[in-house]
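Keep the structure open beside you as you read.

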Amino acid sequence: MADVLQQVVSGIASGGVYALLALAIVLIYRSTGVVNFAQGEMAMFSTFICWELLDRGLPYWVAFFLTLAISFVGGVLIERLLIQTVSRSQAITVVTVTIGLLILLNGAAAWIWKGEQRTLESPFPSDTFDVGGVVIAAQDLGIIAVSLALVLVLWAFFQRTRVGLALRAAALNPESSRLHGVRVSRMLALGWGLAAVLGAVAGILVAPTQGSFDQNLMLPVLIFAFAAAVLGGLDSPLGAVVGGVVLGVVLNLVGAYVDFFADLRLPAALFLILGILLLRPNGLFGRSVVKRV
Amino acid sequence: MTAFRYALRALGFALFVAIVVFLPFRLSDFRASEFALIGIYFIAILGLNVLTGYTGVISLGHGAFMALGAYTTAILVTDHGMRDIWTIPLAGLLAAAAGAAFGLPALRLSGPYLALATFGVAVATPIVIKKFDGLTGGSGGINLFEADGITGLPEFLVTLPGGKVLSFNDWLYYLTWTIALVLFAVAWAIHHSRFGRSLRAIRDNEIAASASGVWLASHKTLAFSISAFYAGVAGSLLAISAFSVQPGAFPVERSIALLVGLAVGGLGSLAPLAAGAAFLVFLPQWAQDISKAPGVPAVIYGAVLIVLMIVLPMGVGGLLRRITGPLTSRLYPRS
Amino acid sequence: MPLLELEDVDARYGAVQALHGISLDVDERQVVSVLGANGAGKTTTLRAISGTVRRSGGLRFDGKALPRSPEAVARLGIAHVPEGRGTFAELSVDENLRLGAYVRRDRSGYASDYEALLKHFPWLAERRDQQAGTLSGGEQQMLALARAFMARPRLILVDEPSLGLAPLIVKQLFDVLRAWIDEHGMSALVVEQNANVALEHSERGYVLEVGRVAVEGTADELRGNESVRKSYLGY
């Protein structure tokens, strides 16, 4: 039993990372209607930037927040320069642009940092706590805490601030929003900036857990994040968080206890999600859009 | 369509065929194998176009059908001693069946959900292949070198009129492009058929199409199945040309590449899709020629792809349509 | 000087020209109606003002040229209640109202305006947290009007407020509009198919035909005009 709880806790921690990236994907999908295949690579690039800042001697939290700021700007620039330009094109064109961005960022990271393995320090101590027989790593608790804090801050932003409301409105009904003075294109750029920040945090949290990382850090995480976003519903931020955590826990438990599925974790998870989609084609919390002709 | 336009298109097609037939005479052996690969991608992209270009469904998973086709051929040739060319239609049919089986439930999902579901299939493919190693030979894959059923080997060297000695790569080239041209003609026929029109109606306005009596589920599934057939054939040819199959040959990148090739070629076009296939084969090489430093070829590839999509959002086909539009008032309907 | 002045305005949807040289004006504290058949260009006129359609010609608000983007027009103090109401269906009633107040600089004024609003739409208080999409057609129209009021605009553009609503509700709507104008010094340009109701509550009106102004005058003049009566008033 203690064993199971351990797996659950570390599953929640890895799920937290998936949730953050899934939240980024959902944020962008909701506001701009784009599935951003480059989300993971943007996060990876931010992680490298953090590494670079730390390597140059900046204290951890300075590097952390500076990276977030840089990532925000990066997200805004990508939206303004690339996405806006193709926003009127057909879906396949926009998807291909994000794919091109994925390839470009991966290559750029390999080029700049020479494709070598790097290590990112963790801000959390490596202690473990014994809580009634269950061994919990401080690392996992830290990841859960940061993820939770970020989700709450974001929630407060969207639900309680004027700009957050404007962003939501711009995503739901851009035409009407304009009539109310909302600068919709700025809101979209803001959405991409915030998503980039979410991704950056996800990357910075996950990198230390891998031991060392290179430009391929986020590719598996991206896949799990997509799975989580689809599971929860592509237009549901709550779904992204729930989906991420559930996925993290389920993957951990399956990987630990079901032998046959040990190396089939990923396909098993995907199969499960496909099954759920058959029952709920818009994910657990997604809305089905009523189309008017 | 007027007789004039028919004549124009027949002429264009004849020109295309002529180029295909005589190209190996001008190419080195290595280039012939490259062009064979272009032919393989051309087939797969033609198929993907039937799905995406006509119904609007975006699939990021057709590499899985290529894998299915490839492994079908590999297993039939090595374990059952079949001749390689007869396995090609079988690979296609098996892939088509898989496409129908997947499509029927999956097509209930809407755009991005379906795209991500297919993406999941593409991701899972190499893993699943490795897991069922009894059948697939696991990570090592299957080797076709020693098999009896391989046509076109040096034993069968043929000398064509004109003095050209047919090497294996030339054989591959002609095999691939003959099939490609046949399937191209089929795609063209589909485009002009009632079925094709119904598909385009679905793409343009699903609800209206449904209200006019187009049975959505069967049409979309059939389109999915046809696209899977093409991918299966392409995969089969891939196995034959590479003499082997392994899970590593079908990573997610392969599926994504097909979509990229379609976007570059131009959604809804036919012949220009060959340009998309050429892009897939030549651009990575060209990028490598510029610099082999780690990551730089990818940066070049990604940058070119992005710029291409910004400048030509409708692909090469779109560009051709814009240029020839005033001349021939639309050879292909606007997507 | 009129609050809003349109001089020889053209507007087009792509290749189709919808307005041909429209000229009209609205003074302070005035309700002006725009009447006409379907397709006459009434909605397009409002869109031309709010910047949601491409237009050319002289458009002046308070003597200064109108900006091109809808956001900028809204910030000048022009509120457009569009055809279809523009309800943010997934947001709550309260959030819809807050969105209406988005352009305001005085956050404190929001509370007192909200109180004033409740006098006219008392039901808003109970439905604060209800999803706006679940409101009835009439309620959504009133919400749309309320959203516009919350912006404290100097000019409100209302597109077919009576569409699909029962006569009693329509009367309520126009009464509220008139009351708010009298209380807060606003002007209104109202597009209406129901010419009777519109003229009853306006000082002046314009009748559009095929993208041009066919007749203009005070409400009384229009009611007295025989062809207007026959074509649009039904008697």
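Between chain B and chain A there are 5 residue pairs in polar contact, with both partners at pLDDT 80 or more. That confidence value comes up because what you're looking at is a predicted model. And how many salt bridges cross the interface of chain B and chain A? The count is 0.

So which parts of chain B do the touching? Helix 5 (111-131), helix 11 (252-265) and helix 13 (296-311) of chain B are the elements that give two or more residues to the side facing chain A. Helix 5 of chain B gives the most, with 11 residues. Sort the residues on that side of chain B by type and you get 32 nonpolar, 6 polar and 2 charged. In total, the contact takes 40 residues from chain B and 44 residues from chain A.

Now for the size of that meeting place. The size of an interface is often given as the accessible area lost when the parts come together. For chain B and chain A the buried area is about 3700 Å², and carbon and sulfur atoms give 83% of it. Of the 2 pairs of chains that touch, chains A and B have the most contacts.

While we're on chain B, take a look at how it's built. Chain B has 14 helices and 4 strands. It runs to 335 residues, and 56% of them count as buried. If you consider the contacts in chain B between residues at least 6 apart in sequence, 78% join residues at least 24 apart. Chain B exposes about 13800 Å², with carbon and sulfur atoms supplying 69% of that area.

How many residues does each chain put in? Chain C brings 21 residues and chain A brings 19 residues. The area buried between chain C and chain A is about 1900 Å², and carbon and sulfur atoms give 61% of it.

What about charge pairing here? Side chains of opposite charge can pair when their charged atoms come close. Across the interface of chain C and chain A there is 1 salt bridge. Glu95(C) and Arg168(A) meet through their side chains in a salt bridge, at 2.7 Å from N to O. The interface of chain C and chain A also has 5 residue pairs in polar contact, again with both residues at pLDDT 80 or more. On the chain C side, helix 2 (70-76) and helix 3 (93-100) each supply at least two of the residues that touch chain A. The residues on that side of chain C divide into 8 nonpolar, 6 polar and 7 charged.

That leaves one more pairing to check, chain B with chain C. No contact joins chain B and chain C, and their closest C-alpha atoms lie 18 Å apart.

Let's finish inside chain C, with its salt bridges. Over all chains, the structure holds 22 of them. One is between Asp113(C) and Arg104(C), whose closest N and O atoms are 2.7 Å apart. Are these two residues buried or exposed? Both Asp113(C) and Arg104(C) are buried.

Another salt bridge is formed by the side chains of Glu203(C) and Arg178(C), at 2.9 Å from N to O. Glu203(C) sits in the loop between helix 8 (195-200) and strand 9 (204-209) of chain C, while Arg178(C) is in helix 7 (residues 167-184), so this pair ties together parts that are 25 residues apart in sequence. Glu203(C) is partly exposed, with a relative accessible area of 30%.

Then there's Arg223(C), which forms a salt bridge with Asp220(C); their closest N and O atoms are 3.3 Å apart. Arg223(C) and Asp220(C) are separated by about one helical turn, because they are 3 residues apart in helix 9 (residues 219-224) of chain C. Arg223(C) counts as partly exposed at 28% relative accessibility, whereas Asp220(C), at 58%, counts as exposed. Last, look for Glu5(C), Glu7(C) and Arg60(C), which are joined into one network by salt bridges that share partners.

How values were computed. Residues are numbered from 1 along each chain as its sequence is written. Chains are lettered from A and ligands numbered from 1 in the order in which they are written. This is a predicted model: local features need pLDDT of at least 70, side-chain atom pairs count only at pLDDT 80 or more; totals for chains, interfaces and linings use all residues. Side-chain values use heavy atoms; hydrogens and water are left out. Buried means under 20% relative accessible area, exposed over 50%, partly exposed in between (1.4 Å probe, protein chains only). Contact means heavy atoms within 4.5 Å. Accessible areas come from the Shrake-Rupley method with a 1.4 Å probe; for residues, only the protein chains shown count as cover. Buried area is the accessible area (1.4 Å probe) that two parts lose on being put together, summed over both. A salt bridge is a side-chain nitrogen of Lys or Arg within 4 Å of a carboxyl oxygen of Asp or Glu. A polar contact is a pair of N or O atoms within 3.5 Å; within protein, one must be able to donate a hydrogen and the other to accept it, and residues adjacent in sequence count only if both atoms are side-chain atoms. Ala, Val, Leu, Ile, Met, Phe, Trp, Tyr, Cys and Pro count as nonpolar, Asp, Glu, Lys and Arg as charged, and the others, Gly among them, as polar.
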